[in-house]
Amino acid sequence: MSPRRVTLADVAKAAGVSRTTASLVLSGRGRELRISQDVEHRVLKTAEELQYRPNIVSRGLRTGSSRTIGFVSDTVATSRLAGDMIKGALEAARDRGFMLFIGETEGDAELERLLLQAMHDRQVDGLILASMFTRAIKVPKAVTAAPAVLLNALPKQPSPLPAVLPGEVEAGRRAARVLLDAGHRDDIYLIGAGPRLRDVPAESVAAVERLIGIREALGEAGVKVAGARTCPDWQPEHGLTATRDLLRTAQPRALICFNDRIAMGAYQALDDFGLKVPSDVSIVSFDDHPIASWVRPQLTTVALPHYELGRKAVDVLFTEIERDRSAGDGVGEVHRVPMPVRHRESVAPSSATARTTDAQG
């Protein structure tokens with residue numbers, strides 16, 4: 001049989017004081033209400049001996065705060081990659097003395113409804129609704145019953161909820177600038193999406209935004225995309241097929257792959273054609289998947305800041321908790337977290353740049 005939880009009444013009885021006195025001492029208000037030091041010491045010592053723990057649920061009902069946050073996701077918790085979003089959120093919540101309740105839906109709408117209801121039943125102070133992949137979602141009505149934030153997701157319809165997402169457009173610009181800085185101009189091809197904005201996998205927010213950034217950076221430099229191959233899914237086998245198809249009709253000197261798994265397939269295709277990275281073809285990619293540092297040469301990539309996304313979501317949520325909700329809702333602000341470039345070994349100066357440098361030398 002499980003031991004019975006020690007209650008405030010137990011502490012009061014063992015210390016020989018009233019329940020009210022014990023409550024005042026344990027809440028830190030004993031001196032304020034002139035309770036003697038002897039009584040205060042006796043109550044605290046008794047509580048320690050009995051291993052008394054305050055009832056957080058009851059305290060939450062009195063104070064209006066349970067000091068907990070709900071984190072509901074599709075598959076973030078079981079993902080090796082996006083799991084750092086939870087780590088960032090956990091640490092940011094812990095810094096404020098809050099706990100994180102985590103639930104995962106695996107994409108099941110009914111399970112999502114039940115999880116959100118369970119979070120509300122536990123009187124969480126706020127909710128984070130997270131997605132493994134950046135996507136547009138239909139915001140469940142149950143989310144808006146408490147302060148809430150969307151993480152790695154945008155609402156399909158106008159919503160008052162703020163959203164926290166990676167800075168994908170700027171990431172696209174950064175990827176393009178890596179190649180431009182290496183002297184590539186007329187030889188940059190895309191693998192995964194493009195060249196037109198409609199040439200993207202269905203419902204891929206990241207694809208559209210990365211492509212916008214790439215096109216903007218190249219356009220500012222007076223450079224056009226030399227060509228592109230779209231992949232129906234961003235997995236190595238599709239990167240392999242798309243790059244092989246490109247190599248049959250073109251001689252690229254630089255590739256921007258839309259994620260690291262596609263880049264892995266591109267590495268294999270280049271090897272099949274007897275081409276080396278980066279001496280024959282430079283490659284830059286996105287995500288900073290572990291394979292980016294496993295492949296040889298190591299892959300230059302623009303990293304998804306999973307940990308920082310989780311921390312930022314908690315920061316934004318606390319702003320929502322504290323703000324004046326009577327001020328009106330409107331449309332929630334979108335917060336972008338920067339994606340840093342991880343410079344490695346897969347980019348080399350273009351042959352034209354190398355010739356110019358040799359001539360100047």
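The model is predicted: local features need pLDDT of at least 70, side-chain atom pairs count only at pLDDT 80 or more, and totals for chains, interfaces and linings use all residues. Residues are numbered from 1 along each chain as its sequence is written, and side-chain values use heavy atoms, with hydrogens and water left out.

**Confidence**

- The mean pLDDT of the protein is 88, and 90% of its residues reach 70 or more; pLDDT is the predictor's confidence in each residue, from 0 to 100.
- Residues 354-361 have pLDDT below 50, and this stretch has zero contacts in the model beyond near neighbours in sequence (contact: heavy atoms within 4.5 Å).

- An open sheet of six strands has the order 7-6-8-9-10-12, with mixed pairing; two strands pair if DSSP finds at least two bridges between them.
- Strand 7 (227-230) and strand 12 (341-342) are the edge strands, each pairing on one side only.
- Helices (H or I, at least four residues) and strands (E, at least two) are DSSP runs, numbered from the N terminus.
- Strand 8 (residues 254-257) and strand 9 (residues 282-287) run parallel and are joined by three bridges; L255 has I283 as its bridge partner in strand 9.
- Helix 9 (residues 236-247) lies across strand 6 (188-192), strand 7 and strand 8, at about 145° to strand 6. Axes are lines fitted to C-alpha atoms, for helices over the stretch in contact, and angles run from 0 to 180 degrees between N-to-C directions.

**Salt bridges**

- The structure holds 18 salt bridges (a side-chain nitrogen of Lys or Arg within 4 Å of a carboxyl oxygen of Asp or Glu).
- R244 and D272 meet in a salt bridge at 2.7 Å, N to O. R244 lies in helix 9 and D272 in helix 10 (residues 260-272), so the pair ties together parts that are 28 residues apart in sequence.
- R244 is partly exposed at 30% relative accessible area, and D272 is partly exposed at 38% (buried is under 20%, exposed over 50%, partly exposed in between, with a 1.4 Å probe and protein chains only).
- D288 forms a salt bridge with R342, with the closest N and O atoms 3.3 Å apart. This pair links distant parts of the chain, 54 residues apart: D288 is in the loop between strand 9 and helix 11 (291-294), and R342 is in strand 12.
- D288 is partly exposed at 25%, and R342 is partly exposed at 35%.
- A network of salt bridges links E170, R173, R174, R177 and E216. Within the salt bridge of E170 with R177, the closest N and O atoms are 3.0 Å apart.
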